[in-house]
Amino acid sequence: MSLLKTIDPTPSFEPKQSKALPERLISGDPSFKTWAQDNTRDGMINTGVWEATPGETHSIKGETFEFCHILQGVIELTEEGGAPVTYRAGDNFVMKPGFKGVWRTIETVRKIYVTVT
């Protein structure tokens with residue numbers, strides 16, 4: 001088994017599809033697709049590709065650390081008490097455990113993610 005894993009930004013397999021939870025939805029009707037591609041045996045580290053259509057939701061990380069690399073689209077993140085920050089294709093960012101704020105997808109976004117719980 002190889003210990004090197006390439007994350008495919010355009011996976012050919014069917015994604016898991018979901019919608020925003022009612023208690024997280026602020027505006028719009030965003031839908032999400034997740035192409036999980038790898039994880040550790042204990043499930044504490046996960047990686048793959050995630051896509052969201054335009055809309056606005058509450059983002060609450062809890063105990064999760066998440067690294068994101070934006071492949072396409074435009075989003076705006078506003079941490080509670082902070083100013084909005086815009087990310088677009090080519091940008092990277094981390095949401096640390098305890099992050100609370102608003103995730104606004106301006107243009108359908110696709111990202112590579114790595115989460116650590």
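Modeller: On a 1 Å grid over the protein atoms alone, a pocket is an open set of points where a 1.4 Å probe fits, with protein on both sides within 12 Å along at least five of seven lines, and lining residues have an atom within 4 Å of a point. The model is predicted, so local features need pLDDT of at least 70 and side-chain atom pairs count only at pLDDT 80 or more, while totals for chains, interfaces and linings use all residues. Residues are numbered from 1 along each chain as its sequence is written, and side-chain values use heavy atoms, with hydrogens and water left out.

Colleague: Which residues lie nearest the centre of the largest pocket?
Modeller: The largest pocket is lined by 23 residues, and those nearest its centre are Arg-24, Phe-32, Trp-50, Lys-61 and Glu-66.

Colleague: Why is Gly-101 called buried?
Modeller: Its relative accessible area is 10%, and buried means under 20% (exposed is over 50%, partly exposed in between, with a 1.4 Å probe and protein chains only), so Gly-101 counts as buried.

Colleague: What does Gly-101 touch, not counting residues up to four places away in sequence?
Modeller: Taking contact as heavy atoms within 4.5 Å, Gly-101 touches Thr-57, His-58, Ser-59, Thr-78, Glu-79 and Glu-80.

Colleague: How do you know that β5 and β9 pair?
Modeller: Strands are DSSP runs of E, at least two residues, numbered from the N terminus, and two of them pair if DSSP finds at least two bridges between them; six bridges join β5 to β9, which run antiparallel, and Thr-57 stands opposite Trp-103 in β9.

Technical notes: Helices (H or I, at least four residues) and strands (E, at least two) are DSSP runs, numbered from the N terminus.
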